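Subject: The model you asked about

Hi there,

Here is the structure for you to open alongside this email. Once you have it on screen, read on for what turned up in it.

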Amino acid sequence: MAAFGINKIFQSMVTTMLFLLAISIDRYCFAADEDMLQDVCVADLNSSNIGSPFLCVIKVPGLNTLGVSLSRIDYAPGGINPPHTHPRASEMVFVLEGELEVGFITTANVLVSKQITKGEVFVFPRGLVHFQKNNGKVPAAVISAFNSQFPGTQSIAATLFAASPTVPDDILAQTFQINTEDVQQIKSKFAPAKKF
């Protein structure tokens with residue numbers, strides 16, 4: 001009987017130690033962003049991120065250092081946020097006004113898409129190629145939330161056709177099964193990438 005009691009105590013201690021170990025590891029394995037060493041950020045409100053003539057993105061600077069980010073995106077009729085990815089975050093959009101066609105492509109190349117309207121939400125999993133388009137005749141607006149302070153945005157077309165130095169024409173021609181003249185024509189429509 002005494003051995004049974006000691007065995008129970010030992011199991012309880014091991015369980016408690018494993019729980020404490022899991023909690024301490026969890027912070028480093030599954031956390032979104034590390035805390036920054038600043039308390040207040042002064043944003044440059046004169047800068048903007050314009051994805052196309054039909055799209056305007058306004059970021060919320062007050063969330064700096066909190067490990068999340070939020071944007072308001074306004075779409076003119078016909079406006080598009082072209083296929084892109086966020087390598088460090090999932091994205092959730094909440095429709096404020098209008099309606100959007102939204103979708104993402106799974107790693108099995110399956111398109112998951114939906115028409116969303118005012119009051120509806122759609123989630124794009126981290127790292128998957130996705131898009132939004134206003135097919136309506138009136139403007140649309142969304143609040144876009146990310147589970148990272150810096151989700152990163154990689155536009156598929158700009159990544160391939162506006163990289164600096166450029167992706168070789170023959171690589172793109174073979175990839176898209178077009179000729180190099182077509183590749184050069186497509187590249188000419190993109191501004192050169194900024195060097196950092």
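One definition to start with: a residue counts as buried under 20% relative accessible area, as exposed over 50%, and as partly exposed in between, with a 1.4 Å probe and protein chains only.

A word on the model itself. It is a predicted one, where local features need pLDDT of at least 70 and side-chain atom pairs count only at pLDDT 80 or more, while totals for chains, interfaces and linings use all residues. Residues are numbered from 1 along each chain as its sequence is written, and side-chain values use heavy atoms, with hydrogens and water left out.

**The chain as a whole**

The protein chain has 4 helices and 11 strands; these are DSSP runs numbered from the N terminus, helices being H or I with at least four residues and strands E with at least two. Of its 196 residues, 24% are buried. The chain exposes about 13,300 Å², and carbon and sulfur atoms supply 63% of that; the areas come from the Shrake-Rupley method with a 1.4 Å probe, and for residues only the protein chains shown count as cover. Taking contact to mean heavy atoms within 4.5 Å, residues 24 or more positions apart make up 65% of the contacts with a separation of 6 or more.

An open sheet is formed by 5 strands in the order 7-6-9-4-11, with antiparallel pairing. Two strands pair here if DSSP finds at least two bridges between them. Strand 7 (111-117) and strand 11 (154-155) are at the edges with a single partner strand each, so one side of each has no neighbour in the sheet.

Facing strand 9, Gly-103 is opposite Phe-131 and Phe-104 is opposite His-130.

Pro-82 sits in strand 4 (residues 80-85) and is partly exposed, at 29% relative accessibility. Leaving aside neighbours within four places in sequence, Pro-82 contacts His-130 and Phe-131. Pro-82 and Gln-132 are 50 residues apart in sequence, yet 6.9 Å apart in space, C-alpha to C-alpha.

**Back to Lys-59**

Lys-59 belongs to strand 2 (residues 55-59).

**Two helices**

How do helix 3 and helix 4 cross? The axes of helix 3 (residues 169-176) and helix 4 (residues 180-188) come within 8 Å and cross at roughly 105 degrees, which makes the two helices roughly perpendicular. Axes are lines fitted to C-alpha atoms, for helices over the stretch in contact, with angles from 0 to 180 degrees between N-to-C directions; 65 to 115 counts as roughly perpendicular, under 35 as roughly parallel, over 145 as roughly antiparallel and the rest as oblique. Asp-169, Asp-170, Leu-172 and Ala-173 in helix 3 meet Thr-180, Val-183, Gln-184 and Lys-187 in helix 4.

Best wishes
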